[in-house]
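Welcome! Have a look at the sequence and the model below, and then we will walk through them together.

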Amino acid sequence: QVQFVESGGGSVQPGGSLRLTCTTTGTIFSRFFSIHGIGWYRQVPGKQRELVATIKERGRPNYADSVKGRFTISRDPRKNEVDLQMNRLNPEDTAVYYCNAAAKIFDSWGQGTQVTVSS
């Protein structure tokens, strides 16, 4: 069964940057990515998990309006991972960030990685 592993979170001041990394276990990442793509999601306590960005084998990445122009999702074919570069972070970006498939969500969510933006 596929498991998602997120890393790279931390605490930054407003305007700062972080780079998150998503990989998988229990499956061949390249094959999984070619079929399902990868999406980054985030959740704050008391709110529903929301989509941040997705990337698939074909087509262009998609972004939530709130992060367009600030976040970049990418996949290096040489690496078994998908990254989320987050620039110009603001306090509203504070959340636990998760990765999963881009569309067909799997129940096996990872532990996520905490991103905290505060002064």
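In what order do the elements of the protein run from the N terminus on? They follow the pattern β-β-β-α-β-β-β-β-β-β-β. In total there are one helix and 10 strands. Both kinds of element are DSSP runs numbered from the N terminus: helices are H or I with at least four residues, and strands are E with at least two.

Before going on, a word about how to read the values. This is a predicted model, in which local features need pLDDT of at least 70 and side-chain atom pairs count only at pLDDT 80 or more, while totals for chains, interfaces and linings use all residues. Residues are numbered from 1 along each chain as its sequence is written, and side-chain values use heavy atoms, with hydrogens and water left out.

## The whole protein

The C-alpha atoms fill a box of roughly 40 × 25 × 20 Å, taken along the principal axes. The radius of gyration of the protein is 13 Å, which agrees with the value near 14 Å that a compact globule of 119 residues would have. This radius is taken over C-alpha atoms, and the globule rule is 2.2 Å times the number of residues to the power 0.38.

Of the 119 residues, 42% are buried. Here, buried means under 20% relative accessible area, exposed means over 50%, and partly exposed lies in between (1.4 Å probe, protein chains only). The accessible surface comes to about 6600 Å², and carbon and sulfur atoms account for 46% of that surface. Such areas come from the Shrake-Rupley method with a 1.4 Å probe, and for residues only the protein chains shown count as cover.

A contact means heavy atoms within 4.5 Å.

The protein also carries 15 positive and 10 negative side chains, and the centres of the two sets lie 5 Å apart. Lys and Arg count as positive, Asp and Glu as negative, and His and the chain ends are not counted. Each charge is placed at NZ of Lys, CZ of Arg, CG of Asp or CD of Glu.

## The disulfide

Which two cysteines form a disulfide? They are cysteine 22 and cysteine 99, whose sulfur atoms are 2.1 Å apart. The link has 80° about the S-S bond and is right-handed. It joins distant parts of the chain: cysteine 22 sits in strand S3 (residues 18-25) and cysteine 99 in strand S9 (residues 95-100), 77 residues apart. The structure holds one disulfide, the term standing for a pair of cysteine sulfur atoms within 2.5 Å. Cysteine 22 counts as buried because its relative accessible area is 0%. Cysteine 99 is buried as well, with a relative accessible area of 0%.

| Residue | Relative accessible area | Class |
|---|---|---|
| Leucine 20 | 0% | buried |
| Isoleucine 73 | 3% | buried |
| Threonine 116 | 24% | partly exposed |
| Proline 61 | 31% | partly exposed |

Leucine 20 is found in strand S3. Beyond the residues up to four places away in sequence, leucine 20 touches several others, including Trp40, Leu84, Tyr97 and Val115. Its C-alpha atom is 10 Å from that of threonine 72, 52 residues away along the chain.

Isoleucine 73 has its place in strand S7 (residues 71-75). Leaving aside neighbours within four places in sequence, its contacts include Ile38, Trp40, Pro61 and Leu84. Between isoleucine 73 and valine 115 there are 16 Å from C-alpha to C-alpha, and they are 42 residues apart in sequence.

Proline 61 lies in the loop between strand S5 (50-55) and strand S6 (62-63). Not counting residues up to four places away in sequence, proline 61 touches Thr54, Ile55 and Ile73.

Threonine 116 belongs to strand S10 (residues 113-117). With residues up to four places away in sequence not counted, threonine 116 touches Gly10, Ser11, Val12 and Thr94.

## A positive phi

Where is arginine 88 found? This residue is in the loop between strand S8 (82-86) and S9. Phi of arginine 88 is near 50°, a positive value in a residue other than glycine. Most residues other than glycine have a negative phi.
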